[in-house]
Amino acid sequence: MLFIAVGFLLAFWTPVLLLAGFGVLGVVGQFAPGMEATVDTAFSLAGETSRIIGLLCILYGLRMPFGRE
């Protein structure tokens, strides 16, 4: 159950929280205009990586046999 909970957190909530980081892009764009595209790419990559790891955790949690000690 822990893997399923962590998977849902990573797959659905982390990209939503990273979306708040896009609000920072305006501030970064004022101080370093060339960094805006780099920061945008970094947030996109982090969101997609989090989503993939989250889905893999969910699959592992569903696949793991119960009563394994």
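Reply: A search of the whole structure finds 1 salt bridge, a term that stands for a side-chain nitrogen of Lys or Arg within 4 Å of a carboxyl oxygen of Asp or Glu. The partners are E48 and R51, whose closest N and O atoms are 2.7 Å apart. Both sit in helix α3, and because they are 3 residues apart there, about one helical turn separates them. E48 counts as partly exposed, at 42% relative accessibility, and R51 is likewise partly exposed, at 31%; here buried means under 20% relative accessible area, exposed means over 50%, and partly exposed lies in between (1.4 Å probe, protein chains only).

Residues are numbered from 1 along each chain as its sequence is written, and side-chain values use heavy atoms, with hydrogens and water left out.

The pLDDT is the predictor's confidence in each residue, on a scale from 0 to 100. The protein averages 82, and 88% of the residues score at least 70. Confidence is highest in helix α3 (residues 36–63), with a mean of 88, and lowest in helix α2 (residues 24–31), with a mean of 69. Where pLDDT is low, the predicted coordinates should not be read in detail.

The protein has 3 helices and 0 strands, and from the N terminus on its elements run α-α-α; helices (H or I, at least four residues) and strands (E, at least two) are DSSP runs, numbered from the N terminus.

S50 counts as buried, at 8% relative accessibility. Its side chain reaches the backbone oxygen of L10 at 2.7 Å, a polar contact, which is a pair of N or O atoms within 3.5 Å; within protein, one must be able to donate a hydrogen and the other to accept it, and residues adjacent in sequence count only if both atoms are side-chain atoms. Leaving aside neighbours within four places in sequence, S50 is in contact with L10, A11, T14 and P15, where contact means heavy atoms within 4.5 Å.

A11 belongs to helix α1 and is buried, with a relative accessible area of 5%. Apart from neighbours within four places in sequence, its contacts are S50, R51, G54 and L55, and R51 in that list is a partner in the salt bridge. The C-alpha atoms of A11 and I52 are 7.0 Å apart, although 41 residues separate the two in sequence.

G54 in helix α3 is buried, with a relative accessible area of 0%. Not counting residues up to four places away in sequence, G54 touches G7, L10 and A11. Its C-alpha atom is 8.4 Å from that of I4, a residue 50 places away in sequence. Across the protein, 72% of the contacts between residues at least 6 apart in sequence join residues at least 24 apart.

Helix α1 (residues 2–21) also holds F8, which is partly exposed, with a relative accessible area of 41%. Together with L9, F12, W13 and V16, F8 forms a nonpolar patch on the surface, with about 540 Å² of accessible area. Patches are made of residues with over 30% relative accessible area and no salt bridge, like charges being joined within 9 Å and nonpolar side chains (Val, Leu, Ile, Met, Phe, Trp, Tyr) within 5 Å. Accessible areas come from the Shrake-Rupley method with a 1.4 Å probe, and for residues only the protein chains shown count as cover. The protein exposes about 5300 Å², of which carbon and sulfur atoms supply 75%, and buried residues make up 22% of its 69 residues.

Lastly, F22 lies in the loop between α1 and α2 and counts as partly exposed, at 30% relative accessibility. Beyond neighbours within four places in sequence, F22 is in contact with D40, F43 and S44.

Methods: Predicted model: local features only at pLDDT ≥ 70, side-chain atom pairs only at ≥ 80, totals over all residues.
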